[in-house]
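Please look over the structure below.

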Amino acid sequence: MNQYHNPVAISFGAASAASFAEKLQKSYAHVSRVLILTRGGEVEKNGILQPVLDMLGHKEILQLEVTLYNPNVADIYNLKGQVASFDYQLIVAIGGGSVMDVAKVLSALQRMKVHSVAEVREAIASERYREEYPYTPWIGIPTTSGTGSEVTCWATVWDEECNSKYSVSDARLYASDALILPELTVTMPLRLSIATALDAMCHATEAYWSIHTNPITRVYALQAIERIRITLPLLLEQPDQLALREQLSLASVLAGLAFSNTRTTACHSISYPLTMLYGIDHGIAASMTLASVMRHNYDALIEPDKLLSAYGAADVDEVGLWVKRIYETYGLPGQLGSYGVTDEGIRKVVSLSYTKGRMDNNPVEITAEQLEQMLVSLM
Ligand SMILES: [Fe+2]
């Protein structure tokens with residue numbers, strides 16, 4: 001499919017903030033009530049909240065701190081209840097992937113009546129939210145660089161009780177606008193910086209080989225991969241360097257634009273149970289199988305030399321070595337066993353790895369046997 005579409009208006013860098021504010025005031029002049037979702041500590045550290053309030057002008061504001069990571073169906077039920085009496089017309093999400101995920105889910109579910117966690121689960125799992133109209137518009141201001149959620153139209157909702165992970169997905173869930181300020185990411189802890197950069201690396205790489213890949217996606221993907229490959233090792237030495245943060249923020253957006261049209265593939269699909277069962281950070285869990293899946297997909301790759309070149313690698317082994325060096329430099333374990341995964345656990349991970357719309361998006365089928373071998377080799 002050689003078509004590409006992404007409707008998000010992106011403002012990048014501090015120099016774009018004034019025109020972003022102007023646009024905001026014009027586009028949302030009719031809006032009187034705004035729900036602002038924040039990651040509490042982060043907005044205090046990076047001082048973005050007041051400038052956003054100034055941009056919005058005289059509107060009624062409800063600020064809700066989203067303190068959780070990886071929101072699940074119960075979290076969504078609780079958060080929805082907390083803002084139910086505030087008839088918001090616009091959502092502004094200032095934070096990382098979880099905050100933007102909450103913004104998207106509240107956008108889709110705002111007008112839906114739900115009276116229990118079970119009803120939220122049903123509405124999401126059955127995609128009944130898609131019958132709702134209209135969704136609430138939302139704006140993304142990321143404080144991390146990696147999820148790309150500000151330019152994609154889906155959100156992840158977890159359900160540990162049912163050992164499941166759902167995707168709330170609809171073309172109406174794209175943000176209307178995104179403001180990317182790399183300065184906001186300087187206060188990110190280094191471990192989160194690494195995990196989110198590796199997440200973006202997987203988004204770009206999986207977009208490159210997805211069955212829905214297209215020439216425009218691949219250009220974005222290669223640009224993102226090369227920037228992360230060069231910048232991330234430097235960031236480990238100089239985490240306060242704004243120029244490096246700018247490169248990673250840009251790479252995250254490029255990776256987001258790439259996979260916004262393809263979604264992710266096997267690496268992400270396998271990562272979900274690793275995160276759900278063993279608490280492995282999303283980006284780290286996805287990157288653990290990056291080289292193995294690349295090796296598995298190799299014969300189906302379009303212009304594999306370009307992908308390897310973006311990694312600065314002569315072969316797939318060198319891609320694996322790049323990932324390994326990132327883990328080692330920060331002291332992150334690269335073996336599944338170090339995260340408590342057992343032989344028995346591998347079988348469970350295999351059984352939960354086949355997420356619809358992700359694993360079947362991989363260009364080469366991975367059988368359960370092959371996946372088990374792949375995971376055993378990572379023990
Ligand atoms: Fe991801």
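## Ground rules

Domain bounds come from an automatic or database domain assignment. This is a predicted model: local features need pLDDT of at least 70, side-chain atom pairs count only at pLDDT 80 or more, and totals for chains, interfaces and linings use all residues. Residues are numbered from 1 along each chain as its sequence is written, and side-chain values use heavy atoms, with hydrogens and water left out.

Helices (H or I, at least four residues) and strands (E, at least two) are DSSP runs, numbered from the N terminus.

## The largest pocket

A grid with 1 Å steps is laid over the protein atoms alone. A pocket is an open set of points with protein on both sides within 12 Å along at least five of seven lines. A cavity is a set of points where a 1.4 Å probe fits but cannot get out. Lining residues have an atom within 4 Å of a point. Points are joined across faces, edges and corners, and a volume is the space filled by probe spheres set on them.

The largest pocket holds about 820 Å³ of space. Where does the largest pocket lie? Domain 1 (9–183) and domain 2 (189–376) both give residues to its lining, so the pocket lies between them. The lining has 40 residues, and N70, G97, S98, T147 and H282 lie nearest the centre. Helix α7 gives the most, with five residues. Among the other elements that each supply at least two are α5 (97–109), β6 (154–159) and α10 (266–278).

The lining divides into 13 nonpolar, 20 polar and seven charged residues. Here Ala, Val, Leu, Ile, Met, Phe, Trp, Tyr, Cys and Pro count as nonpolar, Asp, Glu, Lys and Arg as charged, and the others, Gly among them, as polar.

## The iron site

Which residues are the protein donors of the iron ion? They are D199 (OD), H203 (NE2), H268 (NE2) and H282 (NE2), lying 2.2 Å from the ion. Donors are N, O and S atoms within 2.8 Å of the metal (3.2 Å for Na, K and Ca); water is not among the atoms, so sites may look incomplete. Along the chain, the donors follow the spacing D-x3-H-x64-H-x13-H. D199 in helix α7 (residues 190–209) and H282 in helix α11 (residues 282–288) link distant parts of the chain, 83 residues apart.

The angles among the four donor atoms run from 80 to 167°, and the site is irregular. D199 is buried, at 5% relative accessibility. H282 is partly exposed, at 24%. Buried means under 20% relative accessible area, exposed over 50%, and partly exposed in between (1.4 Å probe, protein chains only).

## The cavity

The structure holds one cavity of 30 Å³ or more. The largest cavity has a volume of about 60 Å³. Its lining includes M100, T147, E150 and S252. Helix α9 (residues 242–260) supplies the largest share, three residues. By class, the lining has four nonpolar, seven polar and one charged residues. Domain 1 and domain 2 each give at least three residues to this lining.

## Two loop residues

Y28 sits in the loop between α1 (17–27) and β2 (33–38). Y28 is buried, at 8% relative accessible area. Its C-alpha is 38 Å from that of E160, which is 132 residues away in sequence.

S353 is in the loop between α15 (343–352) and α16 (368–376). Is S353 buried or exposed? At 0% relative accessibility, S353 counts as buried. The C-alpha atoms of S353 and Q50 are separated by 42 Å.

Technical notes. Four donors count as tetrahedral if all angles lie between 85 and 135 degrees; four count as square planar and six as octahedral if opposite donors are over 155 degrees apart and all others between 65 and 115; anything else is irregular.
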